[in-house]
Amino acid sequence: QSIGRMVLGELSRTHGLTCGDAPALRQLARRLGVERIAVTKAEGPVMAALPGGIILAGNDLIIKEDDPFVLSGYVLAERVGAERQPPLLDVLMSGCVRARFVLLTRGELPLAAIQSYAGNIVRPAGIPQDTDAVLNAFGLAEVPVAPYAMRLMGPGEAFDALLARDPGQGQVYPALLADRDWVSLQEQCGG
């Protein structure tokens, strides 16, 4: 987690973070099986998984949505991706051989390696590679697929195919957050 926090500190300096440690984000993180959801001011639906179970999300996924379903979908997809390819591996691969050696022997990562990694981590969210695992995560977390799929790919054949495989199709899930908590989060993140 300390490497994830170091990367998050660098991202705060370079991209800006918003929302702080909002209670609604902590509640969503618990529900979605991640340690923390941090929010960047970077525009667009950007996502990144950081070491230590930290998921970085773009502010647009909160302030431009009517409910937490889209954000939750992106967080779940990023979590599944991080389970397939641990972010710490990405950190190791982004650093030079010396940085890897220092990390493996001392448990520390040189600032230059953190800056290099943080400079390349914020990216637009893409279509997940392992859709079966992502759909399974949606079912386990009791999150509907449709809002995420609509924001990710829009209407069309790919959208319809993904919805047809939704494990919770026709289910009514409990609310992820109370409406007042989502509105409060939007206000906190929009400022």
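**View 1. Helix 8 contributes the most to the lining of the largest cavity, with 4 residues.** The model is predicted: local features require pLDDT of at least 70 and side-chain atom pairs pLDDT 80 or more, whereas totals for chains, interfaces and linings use all residues. Residues are numbered from 1 along each chain as its sequence is written, and side-chain values use heavy atoms, without hydrogens and water. At least two lining residues come from each of helix 8 (131-141) and helix 9 (146-153); helices are DSSP runs of H or I with at least four residues, strands runs of E with at least two, numbered from the N terminus.

**View 2. The lining of the largest cavity comprises 8 nonpolar, 1 polar and no charged residues.** Among the lining residues are Ile127, Pro128, Thr131, Phe138, Tyr148 and Leu162. The space in this cavity is about 50 Å³. A cavity is a set of points on a 1 Å grid over the protein atoms alone where a 1.4 Å probe fits but cannot get out, and lining residues have an atom within 4 Å of a point.

**View 3. Cysteine 19 and cysteine 189 form a disulfide, with sulfur atoms 1.7 Å apart.** The pair joins distant parts of the chain, 170 residues apart: cysteine 19 lies in the loop between strand 1 (17-18) and helix 2 (23-32), and cysteine 189 in helix 11 (residues 179-190). A disulfide is assigned to cysteine sulfur atoms within 2.5 Å. The link of cysteine 19 and cysteine 189 is right-handed, with 135° about the S-S bond.

**View 4. Cysteine 19 is buried, at a relative accessible area of 5%.** Cysteine 189 is also buried, at 2%. Buried denotes under 20% relative accessible area (1.4 Å probe, protein chains only).

Key. Buried < 20%, exposed > 50% of the residue type's maximum accessible area, 1.4 Å probe, protein only. 1 Å grid on protein atoms, 1.4 Å probe; cavity = no way out; pocket = protein on both sides within 12 Å on 5 of 7 lines; lining within 4 Å. Points joined across faces, edges and corners; volume = space filled by probe spheres on them. Nonpolar A, V, L, I, M, F, W, Y, C, P; charged D, E, K, R; others polar.
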